[in-house]
Amino acid sequence: MADNEPGPVLHGLVELSRVLVADSAVDKWDAIRQLVDLCVDAGGVAHEQRESALNAVYDRERRASTGLGHGCAIPHGVWDAAPREIGTLGFFPNGVDFQSTDGSPTHFVLMLLYPMTERDAHVQNLANAARLLSSAEGERDTPPLEESEQVYDWLARQECERRL
């Protein structure tokens with residue numbers, strides 16, 4: 001792959017079918033629900049396991065906000081039904097209140113579900129995702145991101161440029 005071609009977003013954690021551009025979310029709980037629902041619709045989570053996946057992320061979020069500031073949040077949860085770590089990415093142009101450390105609205109939300117057996121890899125994925133999303137949010141030359149494909153391609157390019 002050439003340096004200017006999009007690569008797999010976050011090393012394959014997010015597929016194009018699991019990228020959402022949403023006009024709004026009532027709050028962080030609604031944003032998380034939208035991302036879990038997309039993950040179900042895209043086949044990442046079986047329909048009959050939706051509630052357990054949603055509860056895994058909600059349980060973690062209740063302990064402490066995953067709003068990192070700089071316009072990004074990474075809600076995540078241990079979910080042993082996952083065969084491997086899977087991600088769903090949401091872009092909320094109008095922002096969502098994720099109770100982030102800097103109080104700024106959150107635009108990029110990466111939801112991760114992972115089995116406990118992949119905890120070490122998950123910690124590295126969290127670090128890489130935080131660097132990518134916070135730097136992407138601060139980009140001054142961000143093109144209009146109105147469709148899932150645009151968000152996916154743009155973040156893939158950001159990832160390649162930063163070599164995360």
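Let's start at glutamate 147, in the loop between α3 (119-137) and α4 (148-162). Helices here are DSSP runs of H or I of at least four residues, strands are E runs of at least two, and both are numbered from the N terminus. This is a predicted model: local features need pLDDT of at least 70, side-chain atom pairs count only at pLDDT 80 or more, and totals for chains, interfaces and linings use all residues. Residues are numbered from 1 along each chain as its sequence is written, and side-chain values use heavy atoms, with hydrogens and water left out.

Glutamate 147 is partly exposed, because its relative accessible area is 48%. The cut-offs: buried is under 20%, exposed is over 50%, partly exposed is in between, with a 1.4 Å probe and protein chains only.

Now, threonine 106. Buried or exposed? Threonine 106 is buried, since its relative accessible area is 0%. It sits in strand β6 (residues 106-114). Leaving out residues up to four places away in sequence, its contacts include Gly71, Phe92 and Phe98. Contact means heavy atoms within 4.5 Å.

Last, the whole chain. It has four helices and six strands. From the N terminus, the order is β-α-α-β-β-β-β-β-α-α. Of its 164 residues, 50% are buried.
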